[in-house]
Amino acid sequence: MALVVDQTTDTQCVHCGLPAPVPSDAEQAAFCCIGCEVAHSALTHAGFDATYYALRDTTTVRPSASAAPSDALLAELDADAFLERHAQRNADGSATLDLYLDGVHCAACVWLVERLPFVMPGVASARLDLPRARLRVVWYPEHVRLSAIAQWLAQFGYAAHPKRMAAQDARSHAERSLLIRTGVCWALAGNVMLLAFAFYSGLDSSTEASLTAAARWVSLALATISVTYGGQVFIRKAWASVRLAWAVRSWRSLHMDLPIALGILVGYGHSTWATVTGQGEVWFDSIAVLIAALLTARWLHLRSRRLAGEASDRLLALIPTSAQRIATDGSIEVVDVEALAVGDTVLVAAGAVVPADGIVTDGTSTLDKSVLTGESAPEAVAPGQAVAAGVLNHSAPLRLCVTAVGEATQVGRLLAWVRDNDAAPDHTTLADRLGGVFVGAVLLLALVTAAIWWVIDPSVIATHVVALLVITCPCALGMATPLVMAVSTAQAARRGLFIKHDAVFQRLATIDTLVLDKTGTLTEGRMRLVDWAGDAEALDLAAVLETQSEHPIAVALVEARRPTRTHQPMSYTAEAGAGLHGWVDDHHVVIGQPDWVATFAALSDAQQRQLDAWALHGFTPVAVAVDGQVRACCGFGDPLRADAPATLDRFRQDGYALHLCSGDDSRVVAQVGERLGLPADHAHGRITPDGKRAFVCQLQHDGQHVLMLGDGVNDAAALQAAEVGVAVHGSTTASLVAADVFLTGSGVEALPPLFDGARRTRAVIRRSLTLSLGYNVLGAAAAMAGLVTPLVAAVAMPISSLAVVAFALTQRSFRFTSTVSP
Amino acid sequence: MTILYLLVPLALLLAGAAVYGFYWSVRDGQYEDTETPAIRMLLDD
């Protein structure tokens, strides 16, 4: 049976450029979906279309079709308690708030969103931070309501979510303060170097005694600020590692910062002594440059991780900040979500997001769990069933008895885990393993050098020991790994690959097994009309009826048939889990599960066989009856992503073992596996979240190194268990999941660039480490032999660091065109 | 060379002004988002 994905041609959607069905009327513009059409008409209506389409990047992402904010979100945005808590009030009566905007992606979006103050009186300013998808809006609450702003944004397809302040601001604050520290230290280093030029160019204490002394004292003053303000970062860490090493009696706990701190302190102490006594060399310049260079490496490191961390905050932004609590007397009050307690009863309106984990006590509805699970089909809930915070309540109001709030909810625990992971020190990188050995070796060599020169000439011990400490300063070694990784992480982030831990680069080398979640990574993650048979007119009538529903099958049918507005649905009734029936013009239309439709009209044998064939292939069969006669049958499914087979073929050829592991129906998973050419025992369906984790652990137990690719919270445990967990941005969800790597792309085709980039990065790191270790070994030998003066050491040290910096900055690890064959 | 007694403090003062300017620009958040301003300048209001 030929399975055609849909009836598209090479016509392009006017709004987003994706393939679109040919419009029935040649004069009409073509659209791929309702979302694009709505956005296009809003732009035209506002007179923004000319500039927007001129600025737009044509390779854009489809706008989210469901940008329309729910009433609950709008009410939340206007609540005084919300403004009190999350917005910042300014002196002139205006308020400042950050909003996350889903769907911003190019220059046209910046232009459009920043039109806000010009079209809406009462909005003082709107600034969009494109890479972080964050809008900072300043408005006068007494003139314009925040909900009006959200609605204005929504008409163009931008869904706004209020941002929680705490975690992100702490991160941003740490980065700013380190940047200031770095800048100040570079200014100090620059000035100390200028003064040092005077010594290098022949300022001599014998001829210009007072000038020399003055220059030294000024250098001492500047270097003192540099050491106490900038150097303390390393000295504190070094001291902490010494205390830890002492406590656990293991020199392996000694941190790389120890020789750095020791070099800084010995050099500074020696130079200070030389300044006070007026005899001997000073190395204030090299100390100041060393501190500034190391701080720069650290700042780059911190900054490169920021985007990844911020992406995880977006998940938090999806949970509402207020809830409707039902008091014992039955009245409903709106309370802050943090004021909820276990045992409270809350009301969740249709279209609202569940604010806390709970058990349904009253009402039946369907839930869209795609944010949490990535699974696209809505699930029916009835009293007695558990519901997790963050899921969307689709069809009818629900009453919940709260079982967990805030941090204790599923989402809360997940976010806590992400945060802990961010904060946890990373002992697995090569440089850190080398660190302890290196520190011990340098300290031992310093002792040996002192001993040798004690025998030969005690008067030059200090000179040679300091030369050794300065030349072996692991500045290049220490900088090599973090700097190369920082640069390559930043390059990767620009391509939409957010790498949270440096260890990922090393771990990717050992991976030999890929475990893939089906929904959203291999398939498009949303329902499409895959095939149909019967009467087109009946299908169109059904599509008109389905415009009334938000069920994914309804959305898919409306998208495929694009009903014209000449028909109007008169009335309709939805039967949960079965379908819809109602009147369109004068026709009674029934659409839904074949068994249910059969209670209205009899199915012929041919139709029944057709529907059974679709079901066998893992598609959802749907029948349409008009005026008591079954007139059309359709199969709905989630089609494979276009690039998935080629990508998987490449991995298979490279010798990776591939497994499919999904919570979806076994038949569906088996069918996807078959189309991808996977052996039947490698496609596993109906796997619970715990089952996925167990599966990954089992593979690891068998000695395999596993990369898990998933797109939902239900994959979180497996992502954590795997050596490398990769989360993707599902095409229907804004979900971000705890994982080592987060891909803003939504499919498996983003994996090869990740593997290639990591391999190149490792090569650059190996080169840098070889260079810096070679330099250190040569330098140490020369210094011990007394061939190097501290001045030469101070010049050689920055040169080796510069070489490493050059390596790091000129690498092109992630700057390449996609290697996936088209 | 005695002019250095005047020039060096002067240079330090200038450096101090630059450091203050840098401090201000960091606090102002100018390094937070280095991509959007590049786009924004292309848009004529």
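Chain A has a mean pLDDT of 76, and 79% of its residues reach 70 or more; pLDDT is the predictor's confidence in each residue, from 0 to 100. Over residues 1-9 of chain A the pLDDT is below 50, and this stretch has 15 contacts in the model beyond near neighbours in sequence. Contact here means that the C-beta atoms of two residues, placed from the backbone, lie within 7 Å. Residues 817-822 of chain A also stay under 50, with 10 contacts beyond four places in sequence.

A word on conventions. This is a predicted model, in which local features need pLDDT of at least 70, side-chain atom pairs count only at pLDDT 80 or more, and totals for chains, interfaces and linings use all residues. Residues are numbered from 1 along each chain as its sequence is written, while chains are lettered from A and ligands numbered from 1 in the order in which they are written.

Next, the two chains. Chain B has two helices and zero strands; helices (H or I, at least four residues) and strands (E, at least two) are DSSP runs, numbered from the N terminus. Of the 45 residues in chain B, 2% are buried. A residue is buried if 20 or more other C-beta atoms lie within 10 Å of its own, exposed if 12 or fewer, and partly exposed in between, with C-beta atoms placed from the backbone.

Between the chains, 20 residues of chain A are in contact with 21 residues of chain B. On the chain A side, helix H5 (107-113), strand E3 (123-129), helix H8 (166-200) and helix H9 (209-248) each supply at least two residues. H8(A) gives the most, with eight residues. By class, that side has 13 nonpolar, three polar and four charged residues. Ala, Val, Leu, Ile, Met, Phe, Trp, Tyr, Cys and Pro count as nonpolar, Asp, Glu, Lys and Arg as charged, and the others, Gly among them, as polar.

Helix H18 (residues 536-546) of chain A is mostly covered, with eight of its 11 residues buried; among them are A:Leu539 and A:Glu546.

For contrast, take A:Ala81, in helix H4 (residues 80-86) of chain A. This residue counts as partly exposed because it has 14 C-beta neighbours inside 10 Å. Leaving aside neighbours within four places in sequence, A:Ala81 is in contact with A:Ser322 and A:Asp336.

Last, the sheets. Seven strands of chain A form an open sheet with mixed pairing, in the order E15-E27-E26-E25-E16-E23-E24; two strands pair if DSSP finds at least two bridges between them. Strand E15 (497-499) and strand E24 (683-684) each have a single partner strand, so one side of each is left without a neighbour in the sheet. Strand E23 (residues 657-661) runs parallel to E24(A), joined by two bridges, and A:Leu660 has A:Ala683 as its bridge partner in E24(A).

An open sheet of three strands in chain A has the order E11-E10-E13, with antiparallel pairing. Its edge strands are E11 (379-381) and E13 (392-393).
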